[in-house]
Amino acid sequence: MNHTRLIIEREYLTQVKNKKFIIITLLIPFLFVGVGLFISFLTNINSDSIKNITLVDNSGIFENSLLSSDTIKFSFLDDLDEEEAKLISQEKNDDALIFIPNVIDTKNINYVELSKSIKLISEDSPSLTLINSIESRLEKILTDLNYTNSGLDLNKIKESKIYIDLVQVSFEGEESTKIDGLLKMAFGFILGMLLYMFVFIYGSMILRSVLEEKTSRIVEIIISSVKPTQLMLGKIIGTSLVAFTQIFIWIALSLIISTLVSFIFGVSTSDINSLDVSDAEFAQINSGIQIFFSAFFNLPLLNILIAFVFFFISGLFLYGSLFAAIGAAVDSETDANQFMLPVGMPLMIGLYVGVFTVSEDPSGTIPTIFSHIPFTSPIVMMMRIPYGVPIYEQLISLSILIATFFATVWFAAKIYRVGILMYGQKPSYKDLYKWLKY
Amino acid sequence: MSNLLSIDSVSKNFGDYKALNNVSVDIPEGSIFGLLGPNGAGKTTLIRIINQISIPDIGKVMFNGEPLSSKHIRNIGYLPEERGLYKSMKVGEQALYLAQLKGMSRVDAKKQLKYWFDKFEIGEWWDKKIIELSKGMAQKVQFIVTVLHKPSLLIFDEPFSGFDPINANIIKDEILQLREEGSTVIFSTHRMESVEELCDHIALIHKSNKVLDGNLNDIKRQYKTNTFEVGLVCKEQDVLKQLISSKFNSVDASFRSLGKELKLNISLEPKQTSNELLSFLSSNAEVNHFMEVVPSANDIFIQTINNQK
């Protein structure tokens with residue numbers, strides 16, 4: 001037991017003291033926040049630029065109803081034909097020119113006809129958001145006019161308009177909303193993806209560590225003091241601790257940095273204020289944020305956290321032992337790749353199954369089956385848990401996973417203790433099978 | 001003399017391949033025991049069984065009268081042929097780690113390491129990484145790690161490979177010194193001159209079988225052919241040669257000498273004695289060289305292996 005502690009300690013300390021490890025651990029949160037900042041910076045630049053648009057309104061309908069905003073500035077001209085308007089617009093260096101032809105019968109305007117004759121003229125084709133924004137503004141004005149024209153009371157129409165936001169309730173009486181569903185999907189996807197990445201990252205860390213001992217030939221000295229299985233388990237546990245340290249630092253640093261950043265730049269508040277929205281819309285967004293947060297806190301967060309820790313450890317142990325066996329069987333990382341693919345395949349299948357079936361029907365047959373198959377269960381189960389999975393089902397899945405882990409450790413130990421002393425040629429699957437019987 | 005290690009009818013198979021076939025070897029306490037054999041004979045397998053890296057399929061191994069078990073690990077020091085250290089770990093740190101794996105306390109390990117580092121005058125390497133040391137330097141560290149916990153059984157697999165002659169000599173003296181202090185040494189090598197120099201017992205393994213073992217001198221006695229190497233100074237060498245071959249079996253020989261004397265290897269029949277030969281020779285010529293030809297370990301090695309074919 002004492003030996004295992006020594007091995008874990010060494011494994012942990014050498015990995016953690018490694019310069020590359022320290023750099024990556026410290027750099028990634030900065031990179032994450034940096035990329036986030038960069039993206040929001042880019043979108044800011046984009047939205048900050050004001051589009052100058054000249055509206056040649058020969059009909060005289062829009063001049064008073066079309067208002068400029070923070071992002072679009074309209075200037076109005078009238079009594080020009082298309083050619084004259086183009087010349088002027090070009091001189092003014094406008095982003096675009098909207099040409100509205102004259103209406104002949106001012107008393108009895110056919111708005112449908114008019115809507116079809118509006119043109120947008122520009123040097124380069126404007127962005128889709130700009131076109132959409134202009135279209136919806138013009139649409140709203142013309143529709144309102146058209147309602148009035150048909151003798152409908154605009155206020156009554158607005159009053160009669162009904163918005164539906166279905167209240168979703170589970171049989172247990174828990175309320176949820178569309179945002180809930182979206183959030184669950186996103187959360188499940190992120191969790192599954194993280195688990196997939198982490199198992200691969202730390203699994204190959206174990207592989208490299210085993211390979212290092214083998215290629216540096218120190219392994220024979222060590223296993224003359226400790227049992228190979230002990231050495232292998234020590235490595236897996238040590239690397240798992242490294243994983244937890246690194247993930248913990250990542251989370252902590254990301255929180256600290258993003259808090260600092262939002263504090264310094266005041267991102268959250270100024271963002272909302274700068275949005276070009278009316279009070280009503282603002283209230284809507286505000287309540288949207290509230291809904292988001294309530295949806296977020298509606299997630300089984302504690303369950304997610306605990307399940308993630310357990311499924312991650314068990315998954316890492318399961319795959320870690322297989323990766324350790326690969327590391328022991330081969331002589332170089334290049335050779336290792338050949339075996340990593342088949343071993344990593346179930347993990348990939350888990351990810352695909354999760355992505356394509358869980359959001360459709362989280363407790364459907366396929367997701368349920370795959371969340372119990374030990375090699376895919378860590379990922380698929382993590383994707384299902386945000387939707388709510390009975391605890392007993394999680395426990396069953398975890399027990400299967402742990403039982404399989406013992407089987408793979410036994411299997412891996414067999415390969416490991418033989419492979420680690422075999423140098424020279426790359427073993428075939430047949431060789432590996434033979435080693436099981438030594 | 002009692003046996004520190006007693007290997008009794010050990011067999012080991014790897015799949016269809018028989019690595020050891022019913023091998024029995026006794027290693028007397030306080031001896032330097034040469035484990036010899038061509039490549040692939042099964043030496044490493046046997047050594048790994050002694051180190052409990054592999055377990056024999058059949059047969060048992062006794063250590064100091066008890067069945068070999070994990071508690072004996074700390075009594076064994078092993079320097080494998082395929083050796084190395086963690087490349088990017090500091091020398092002192094990994095020596096401490098390896099010593100603790102052998103069951104030493106950290107404090108004790110540190111004290112012993114200081115003694116050995118001072119002895120080899122390599123104290124300034126403590127904080128260096130292995131990657132910064134030369135191969136020979138790393139070998140020295142490796143040697144220290146092997147003997148640090150004062151094991152009663154030391155196993156050296158090709159200990160001199162990678163050392164220059166000066167350092168090889170230092171290591172050789174250390175091995176002899178350790179034997180003086182009561183350690184038993186198993187010494188596996190291809191270098192027959194070091195067997196000659198160090199070993200008092202040997203075992204020869206060939207194609208998974210033990211083909212020869214025992215005290216080296218006894219074996220030599222067994223293998224000697226009653227042949228004498230002689231140098232004779234006289235005027236008429238051809239006449240003398242004919243005269244000798246009429247009474248004894250003789251062939252031409254060559255050895256280093258200062259003069260141009262007649263050099264012969266003369267083998268005696270069972271009833272002839274060396275005194276008869278000597279008095280016959282001295283009455284016919286001036287004898288300036290007379291030596292019994294003792295088979296070298298190398299000769300024995302090659303002869304035994306060839307006899308097996």
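Tutor: The model under discussion is predicted. Chain A is divided into two stretches of assignment: domain 1 takes residues 2-41 together with 177-435, and domain 2 takes residues 49-160. The C-alpha centres of domain 1 and domain 2 of chain A lie 54 Å apart.

Consider domain 2 of chain A, residues 49-160, through strand E1 of chain A, which covers residues 51-57. Of the 7 residues of E1(A), 5 are buried, and the strand is therefore mostly covered, where buried requires 20 or more other C-beta atoms within 10 Å of a residue's own. E1(A) has parallel pairings with two strands of chain A. With strand E2 (residues 72-77), E1(A) forms 6 bridges in the parallel sense, and within that pairing A:Leu55 has A:Phe76 as its bridge partner. With strand E3 (residues 96-100), E1(A) forms 5 bridges, again parallel; here A:Asp57 stands opposite A:Ile100.

From this part one may turn to the contact with the other chain. Chain A contributes 17 residues to the contact, and chain B contributes 19 residues. On the side of chain A that touches chain B, the elements giving two or more residues are helix H1 (2-17) and helix H8 (219-223) of chain A. By class, that side of chain A comprises 7 nonpolar, 5 polar and 5 charged residues.

The largest nonpolar core has 136 residues, and those with the most contacts inside it are A:Ala324, A:Ile326 and B:Ile155. Helix H12 of chain A, residues 301-329, gives the most to this core, namely 15 residues. On the side of chain B, B:Ile155 touches B:Ile47, B:Ile50, B:Asn51, B:Ile76, B:Gly77, B:Tyr78, B:Leu79 and B:Ile186, when residues up to four places away in sequence are not counted.

Chain B is also divided into two domains: domain 1 covers residues 3-221 and domain 2 covers residues 225-293. Their C-alpha centres lie 44 Å apart.

Strand E4 of chain B, residues 58-63, pairs with E5(B) in the antiparallel sense over 2 bridges, and B:Met62 finds its bridge partner in B:Pro67.

There remains an open sheet of chain B whose 4 strands follow the order E12-E13-E11-E14 with antiparallel pairing. At its edges are strand E12 (249-252) and strand E14 (286-292) of chain B, each pairing on one side only. From one strand to the next the twist averages 25°. Strand E11 of chain B, residues 227-233, and E14(B) are joined by 6 bridges and run antiparallel, with B:Gly231 standing opposite B:His289. Helix H8 of chain B, residues 237-247, packs on this sheet by touching E11, E12 and strand E13 (262-267) of chain B, and its direction makes about 5° with that of E13(B). Helix H9 of chain B, residues 274-284, lies across E11, E13 and E14 of chain B and runs at about 10° to E11(B).

Note on methods: Residues are numbered from 1 along each chain as its sequence is written. Chains are lettered from A and ligands numbered from 1 in the order in which they are written. This is a predicted model: local features need pLDDT of at least 70, side-chain atom pairs count only at pLDDT 80 or more; totals for chains, interfaces and linings use all residues. A nonpolar core is a set of buried Ala, Val, Leu, Ile, Met, Phe, Trp, Tyr and Cys residues joined through C-beta atoms within 7 Å. A residue is buried if 20 or more other C-beta atoms lie within 10 Å of its own, exposed if 12 or fewer, and partly exposed in between; C-beta atoms are placed from the backbone. Two residues are in contact if their C-beta atoms, placed from the backbone, lie within 7 Å. Ala, Val, Leu, Ile, Met, Phe, Trp, Tyr, Cys and Pro count as nonpolar, Asp, Glu, Lys and Arg as charged, and the others, Gly among them, as polar. Two strands pair if DSSP finds at least two bridges between them. Axes are lines fitted to C-alpha atoms, for helices over the stretch in contact, and angles run from 0 to 180 degrees between N-to-C directions. Domain bounds come from an automatic or database domain assignment.
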